[in-house]
Amino acid sequence: MAYLVILRHGQSEFNLQNRFTGQLDIGLTENGRAEARAAGQKLLAKHFNFQGIFTSGLKRAQETLNIVLDEMHSTFDRNFIVRSNALNERHYGDLQGLNKLETASKYSSEQVMLWRRGYATRPPGGESLEDTFNRTVPFYKENIEPLLKKNKNVLIVAHGNSLRALMMYVEHISPTAVEHVEIATGVPKLYEFNDSLQVLSMISI
């Protein structure tokens with residue numbers, strides 16, 4: 001039996017400003033740091049001990065992770081944290097940095113929602129969720145599933161869309177259903193697996 005915890009980074013400066021962030025390397029707000037501390041306290045209360053820890057190449061996820069580990073009083077050697085661009089947020093292309101409401105006024109709310117939540121639709125110059133799936137899930141299969149198969153507990157701190165892609169794979173969510181999946185900042189989600197990596201339970205904590 002193994003546990004996987006996935007966590008979207010705390011609120012970023014661009015989350016607060018309602019901007020498309022994508023792969024721009026934007027830091028956390030004070031509220032985002034508070035969300036990370038709260039997430040760490042929740043994991044501390046669960047007495048988790050992680051044998052594998054993964055995060056993206058972007059500082060908002062890495063800062064969230066460091067705060068979480070501090071709150072947990074974790075003894076995990078941070079030299080062994082795996083940081084990979086495969087877990088980065090999807091690239092929003094020409095939309096990166098733009099205000100979402102202003103973009104909706106220019107292109108229509110329907111078009112912006114399709115870019116944000118559709119599975120196969122790419123924003124101009126950017127990635128679709130399908131593209132994100134195709135880089136994130138192979139990394140998960142190669143690097144994280146082997147640990148889970150050995151009953152090692154794993155923590156992943158990443159981004160809304162890279163985690164939505166992983167949820168599609170782990171929970172067998174369809175491309176249509178994933179359009180309705182939202183992931184809040186700073187809220188850990190816990191999966192319990194059996195030895196065959198079938199999900200026994202999943203809860204937000």
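Two residues are in contact when they have heavy atoms within 4.5 Å of each other. Keep that in mind as you explore this predicted model, where local features need pLDDT of at least 70, side-chain atom pairs count only at pLDDT 80 or more, and totals for chains, interfaces and linings use all residues. Residues are numbered from 1 along each chain as its sequence is written, and side-chain values use heavy atoms, leaving out hydrogens and water.

View 1. Setting aside residues within four places in sequence, Thr55 is in contact with Ala61, Gln62, Leu65, Ile81, Val82, Arg83, Ser84, Leu87 and Val157. Thr55 counts as buried because its relative accessibility is 0% (buried means under 20% relative accessible area, exposed over 50%, partly exposed in between, with a 1.4 Å probe and protein chains only).

**View 2. The side chain of Thr55 meets the backbone of Val157.** Here, a polar atom of the Thr55 side chain lies 2.8 Å from the backbone oxygen of Val157.

**View 3. Gln51 in the loop between α2 (30-45) and β2 (52-55).** Helices (H or I, at least four residues) and strands (E, at least two) are DSSP runs, numbered from the N terminus. With 33% relative accessibility, Gln51 counts as partly exposed. Not counting residues up to four places away in sequence, Gln51 touches Phe76, Asn151, Lys152 and Asn153.

**View 4. Gln51 beside Asn153.** These two residues are 102 residues apart along the chain, yet their C-alpha atoms are separated by 5.5 Å. A polar atom of the Gln51 side chain lies 2.8 Å from the backbone nitrogen of Asn153. The Gln51 side chain also reaches the backbone oxygen of Asn49, at 3.1 Å.

Note on methods
A polar contact is a pair of N or O atoms within 3.5 Å; within protein, one must be able to donate a hydrogen and the other to accept it, and residues adjacent in sequence count only if both atoms are side-chain atoms.
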